[in-house]
Amino acid sequence: MSALRESLGFLTSRLRQVGIFVALILIVLLFQVLTNGILLEPQNVSNLVVQNSYILILAIGMVMVIIAGHIDLSVGSVAGFIGAVAGVMIVQWGWPWWAAIPACLLVGALVGAWQGYWIAYVGIPAFIVTLAGMLIFRGLTLITLKNQQITPFPNELRALGGGFLPDISGGTSVLEWLTVILGVGGTAAILFQAIKERRVRTKFALENEPMAWFAVKNGFIAVLMLIITFLLASYRGTPIVLVVLAVLVILYSALMNNSIFGRHTYAIGGNLHAAELSGIKTKRVTFRLFVNMGVLAALAGLVFTARLNSAQPAGGTGFELDSIAAAFIGGAAVQGGIGTVAGAMIGGLIMGVLNNGMSILGLGTDYQQLIKGLVLLLAVGFDIFNKNRSGSGGGSSLTRRFKWKTTPPATETVPKTTAEPVGADAK
Amino acid sequence: MNVPILQMRGITKTFPGVKALQDVTLDVNRGEVHAICGENGAGKSTLMKVLSGVYAHNTFDGDILFENEPCEFSSISDSEKRGIVIIHQELALSPYLSIAENIYLGNELASNGWVDWRKTNLEAAKLLARVGLSENPVTPIQQISVGKQQLVEIAKALSKEVKLLILDEPTAALNDEDSDHLLDLILHLKGQGVTCIIISHKLNEIRKVADAVTIIRDGKSIETLRLDQGQITQERIIRGMVGRDLESLYPERSPVIGEEVLRIEDWTVQHPQDHARMVVNGASLNVRKGEVVGLAGLMGAGRTELAMSVFGRTYGRAVSGKVYKYGKEIDTSTVSGAIGHGIAYATEDRKHYGLNLIEDIKRNISMAALRKLAKGGWVDKNEETTVANRYRKSMNIKAPSVAAITGKLSGGNQQKVVLSKWMFSDPDVLILDEPTRGIDVGAKFEIYTIIGQLAAEGKAVIVISSELPELLGICDRIYTLSAGHITGEVPIAEATQETLMHFMTKEKE
């Protein structure tokens, strides 16, 4: 009985993390029923991954910026601009794809450096700088494209958006074996990591999740990954962009959890003054965060352009809102200091499944936007409600606000097992 | 003559775990300037908050009679209706609004919801004339000096037809000239029949304006001295302020003092906004290996400002002066530079400047020296946990594990996390700013023990504290600061609370 109570207590203390996971599953099940099973058909699952990949790539950079207490409104325009630059380089100048991709990423880094300079060193709020950037880079997109789309792109680049890993069985098998190998191998790696992490925590006498929860959680993630592996393998295999995304998620999760850079990012967002007085070079960290965001926005722009096979004047419009929403639905805190890459991925998938499911149902963008807006509001509202509840009641509204500001409850601070980041990439 | 306007009887105010006020009595006569004296944290401001309704009438015990009528205030606006106006130490003015707008803020001269600007500015000009301020009422507040802003606060009080004006350390942020002007104004208002309560520990000011002085110590009213009975003398006030028994104990130390580690020479710092004001003025001091040096001073003396300006110029502007370590000049103009030279500064405000409250203990401890735990930019988390566990044990941090969130710890344990953080950066010089503020007695003893151990390990320690017994209990040598100047350097053998208080209230020549 006490084990059960312990587990329940643990779950309520992590209501947010558990809640978002459950929410994703419920949304998937809901649309699976509403669409009469179309949602989880192999082809649609494959589509879902490819369609959302660029938002998920942006969400990685966005959640990092948000953790540091900033925001980036310009990523949609920057992605569009890089698409245009890629169009000019590859289609008009005839550059090979392997030269154009690094060049585009470099342009993205320069764009990020430009914005990072104003934010970190001049001290203009990120909201203003990136709002200006939203206009500036949209303008540059239109100028670069002379208001016309550029098309077509060579097959090598298009593979980045819609291509699949080669089928090693030569297309004779029912299941695509390379995908099966990757999926099963990945699942095993996740379980191995989770168990290792748990052992380490026990060794250092840190609190661990209750065993029951640990088993259920990891068992569930494993089953989920295997299902997705099966679905992908029974269609055309592993989308190339999924591999790119998986590498990014693993890399950035590790970066945020284990690198000096990542830890300084959390420190800045958690308490800027304390970070400064601890000798952290806060301006440099902020600058680098925006350079990184620029590179990821460039990559997202390339993937998007590759998928459409054309660089378009309006390309990337609205991406900033989807990626910001993904980060917040995924548990990032508006005031900074809290958030995870894995959470942002789940947040992005919730948005993606909503988009996809409603499109299948034939709902127009009008209703799609309405519902997505409400979901964002509910997710963050739930967060605030949770905080107010766990912060002891009573006191005037002023003291409550003070409490809320200085001692937000500990939702996301226990280091994640690496199981979650990789678990998220399975989709 | 001596008609009482205010009588406070048996005021007792309790905060969780602390008795802030205990059976305090205060009698103020109509038309007098009544000073309230006491050390930092003695309960002066709490008493004034009780009087002005910041603490509602049902949150404390005791009676307040104002003009012979009992008062039951639930908020500041209740007390203002009766003519009691408090001006806080931190001015409550909105920087971008005009002088006139600030004067009538919350009390706008309006008809049917529309502000009558002509009347507002005219009336404001009249009030400004009364306080002797020749500024245009439409000037934005941020364009006038802090001294003048203080006068605007008083004009604002006058607009509310004030009978009892309470000034909480009104000159703490002012330069000498502005202070003089303000004191003259208080005397002028007294001539117009306004009763004044002034909280101050600047004894020369008190001697200049006060008709009576009530001394508060450790939350109790000690005595009321009256000018007409010849009782207001510096010696008497000082004795009243510090004359308490030493209740808390200090760990025994046998200091082994070595060579000089850090020397600061001719350190001068301008106020970040008010460029005419020198917050620290030509201060020189040194600290030696194994030595605990105290920095004593009253509120606004420039102790924290001195420390923070040395530690990476984190306070002030136009900082000048030299810092030497082991006789060699070092550059401490950035925080990472200062840390690199082995200096650590543990802030007085650990919640806002010391800790990341939403992070766990281990990540706070590693924050200032993460590089020590990293190889090629990647942090060794196992090593981090090991280090944190070591400090948890040696510092006796009470928490379920080092993965506990610092925001949920008690003040004493939070302070231990801050100290752990700086000890892990392996400094030669530790500057500890109010290391025991907001900490209960038992934890204080532990902090003192840690400070003693640090010195025994050969660190040079500078302790900034408002509690004189604390400095006397743990230091080997004490500097006193007053208005940015070092006014005294006292070896512990010669130091008493009285001598220190003399230096702390000494004015520059």
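## Backbone exceptions and two helices

In this predicted model, N396(B) is partly exposed, with 14 other C-beta atoms within 10 Å. This asparagine lies in the loop between α13 and α14 (411-424) of chain B, and its phi is positive, about 60°, although N396(B) is not a glycine. Most residues other than glycine have a negative phi, and most peptide bonds are trans. A positive phi in a residue other than glycine also occurs in chain A, at N36(A), where the value is near 55°. N36(A) is placed in the loop between α2 (15-34) and α3 (42-67) of chain A, and it is exposed, having 8 other C-beta atoms within 10 Å. Chain A also contains a cis peptide bond, from T151(A) to P152(A), with omega near -5°; P152(A) belongs to the loop between α6 (126-145) and α7 (155-162) of that chain.

In α4(B), the buried residues are T120(B), N121(B), A124(B), L127(B) and L128(B). Because they cover an arc of only 125° around the axis, they lie on the same side of α4(B). The exposed residues R118(B) and A129(B) are carried by the face turned away from that buried side, while the cover over the buried residues includes α3 (99-103), β8 (114-115) and α5 (146-159) of chain B. After α4(B) comes G132(B), with a positive phi near 75°.

For α6(B), the buried residues are D178(B), S179(B), L182(B), L183(B), I186(B) and L189(B). Their arc around the axis is only 135°, which puts them on the same side of α6(B). On the face turned away from the buried side are the exposed residues D176(B), E177(B), L187(B) and G191(B), and among the elements that cover the buried residues are β3 (33-37), α5, β9 (164-168), β10 (195-199) and α7 (203-209) of chain B. G193(B), which follows α6(B), has a positive phi near 95°.

The contact between the chains takes 34 residues from chain B and 29 residues from chain A. On the side of chain B that touches chain A, α10 (335-340), α11 (350-354), β20 (378-379) and α13 (381-394) each supply at least two residues. The residues on this side of chain B comprise 16 nonpolar, 12 polar and six charged.

Notes
Residues are numbered from 1 along each chain as its sequence is written. Chains are lettered from A and ligands numbered from 1 in the order in which they are written. This is a predicted model: local features need pLDDT of at least 70, side-chain atom pairs count only at pLDDT 80 or more; totals for chains, interfaces and linings use all residues. A residue is buried if 20 or more other C-beta atoms lie within 10 Å of its own, exposed if 12 or fewer, and partly exposed in between; C-beta atoms are placed from the backbone. Helices (H or I, at least four residues) and strands (E, at least two) are DSSP runs, numbered from the N terminus. The arc is that of the directions from the helix axis to the C-beta atoms. Two residues are in contact if their C-beta atoms, placed from the backbone, lie within 7 Å. Ala, Val, Leu, Ile, Met, Phe, Trp, Tyr, Cys and Pro count as nonpolar, Asp, Glu, Lys and Arg as charged, and the others, Gly among them, as polar.
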